[in-house]
Amino acid sequence: GPGDVAALSPAPPAAALEQMARDRLFAAGSSGRAVFIIDQASIVQRDRRTLVGGLAVELDIVGSNGARAGYCEARVSRVQTLGTGPVNMQNVLYTMTAAMLQDMNVEFEFQIRSRLGDWLLQGPPTAAPGPVQTSPLPPPS
């Protein structure tokens, strides 16, 4: 939207949220699915001196019958006031994104544990399969 400067960040908030989901969520079980939704990932410059950031995500658990079996939402926001002197906008945006992501990590975990505790595995997760390896095929005979 107007004034959104999130894309100027060296670590855009939407990409940071996607990475958070890849790092923290993994599928286990034999049926159903989980859907991670980014509802908001913005940093808006309201005026010359004020940035307002917001992150909002949702995690839906969908049963094998296609019905939503559970969900949680997490939202965080920050306001950053810029000084009157020269500003390195990329540094400010990076720092603001990192702070919001740290807040989101805490809030998202809290919401998952309180709303989706029945779907959490107990104990350490099993290792995810490694990347697919390739082997050259022998030439045709």
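User: Which strand is Asp-39 found in?
Analyst: Keep in mind that this is a predicted model. Leaving aside neighbours within four places in sequence, Asp-39 is in contact with Ala-56, Val-57 and Glu-58. As for its own place, Asp-39 is found in residues 33-47, which is strand 1.

User: Is Asp-39 buried, partly exposed or exposed?
Analyst: Buried would need under 20% relative accessible area, and exposed over 50%. Asp-39 has a relative accessible area of 40%, so the call is partly exposed.

User: How far apart in space are Asp-39 and Arg-75?
Analyst: In sequence, Asp-39 and Arg-75 are 36 residues apart. Going C-alpha to C-alpha, their separation in space is 9.2 Å.

User: What about Glu-58, buried or exposed?
Analyst: Glu-58 lies in strand 2. Not counting residues up to four places away in sequence, Glu-58 touches Val-35, Phe-36, Ile-37, Asp-39, Arg-68, Cys-72 and Glu-73. The cut-off for buried is under 20% relative accessible area. Glu-58 has 12%, so the answer is buried.

User: Asp-60 is in strand 2 too. Why does Asp-60 count as buried?
Analyst: Strand 2 covers residues 50-62, and Asp-60 has its place there. Setting aside neighbours within four places in sequence, Asp-60 is in contact with Arg-33, Ala-34, Val-35, Ile-37, Arg-68, Gly-70 and Tyr-71. Asp-60 counts as buried because its relative accessibility is 10%.

User: Which side chain makes a polar contact with the side chain of Asp-60?
Analyst: Several residues are in contact with Asp-60, including Arg-33, Arg-68 and Tyr-71. For the polar contact between side chains, at 3.4 Å, the partner is Arg-68.

User: Tyr-71 is on that contact list. What is the relative accessibility of Tyr-71?
Analyst: Tyr-71 has its place in strand 3. Beyond four places in sequence, Tyr-71 is in contact with Leu-59, Asp-60, Arg-115 and Leu-116. Tyr-71 counts as partly exposed, because its relative accessibility is 26%.

User: And how far is Tyr-71 from Gln-111 in space?
Analyst: Tyr-71 and Gln-111 are 40 residues apart in sequence. From C-alpha to C-alpha, the distance in space is 9.2 Å.

User: Let's zoom out. What pattern does the chain follow along the sequence?
Analyst: The chain has two helices and three strands. Read along the sequence, their pattern is α-β-β-β-α.

User: Which element gives the largest share of the largest nonpolar core?
Analyst: The largest nonpolar core has 24 residues, and Leu-17, Ile-43, Leu-51, Met-104 and Phe-108 have the most contacts inside it. Two or more residues of this core come from each of helix 1 (13-24), strand 2, strand 3 (68-81) and helix 2 (89-115). The largest share is eight residues, given by helix 2.

User: Which residues does Phe-108 touch, not counting those up to four places away in sequence?
Analyst: Phe-108 is one of the core residues with the most contacts inside the core. With residues up to four places away left out, Phe-108 touches Met-20, Leu-25, Phe-36, Val-57, Leu-59, Cys-72 and Ala-74.

User: How do helix 1 and helix 2 pack, and what residue classes make the contact?
Analyst: The axes of helix 1 and helix 2 are 11 Å apart, at an angle of about 40°. Helix 1 passes helix 2 in a right-handed crossing. On the helix 1 side the contact is made by Pro-13, Ala-16, Leu-17, Met-20 and Arg-24, while helix 2 brings Thr-97, Leu-101, Met-104, Asn-105, Phe-108 and Glu-109. By class, that contact has seven nonpolar, two polar and two charged residues.

Definitions and conventions
Residues are numbered from 1 along each chain as its sequence is written. This is a predicted model: local features need pLDDT of at least 70, side-chain atom pairs count only at pLDDT 80 or more; totals for chains, interfaces and linings use all residues. Side-chain values use heavy atoms; hydrogens and water are left out. Helices (H or I, at least four residues) and strands (E, at least two) are DSSP runs, numbered from the N terminus. Buried means under 20% relative accessible area, exposed over 50%, partly exposed in between (1.4 Å probe, protein chains only). A polar contact is a pair of N or O atoms within 3.5 Å; within protein, one must be able to donate a hydrogen and the other to accept it, and residues adjacent in sequence count only if both atoms are side-chain atoms. Contact means heavy atoms within 4.5 Å. A nonpolar core is a set of buried Ala, Val, Leu, Ile, Met, Phe, Trp, Tyr and Cys residues joined through side-chain atoms within 4.5 Å. Axes are lines fitted to C-alpha atoms, for helices over the stretch in contact, and angles run from 0 to 180 degrees between N-to-C directions. A crossing is left-handed if the near helix is turned anticlockwise from the far one by less than a right angle, and right-handed if clockwise. Ala, Val, Leu, Ile, Met, Phe, Trp, Tyr, Cys and Pro count as nonpolar, Asp, Glu, Lys and Arg as charged, and the others, Gly among them, as polar.
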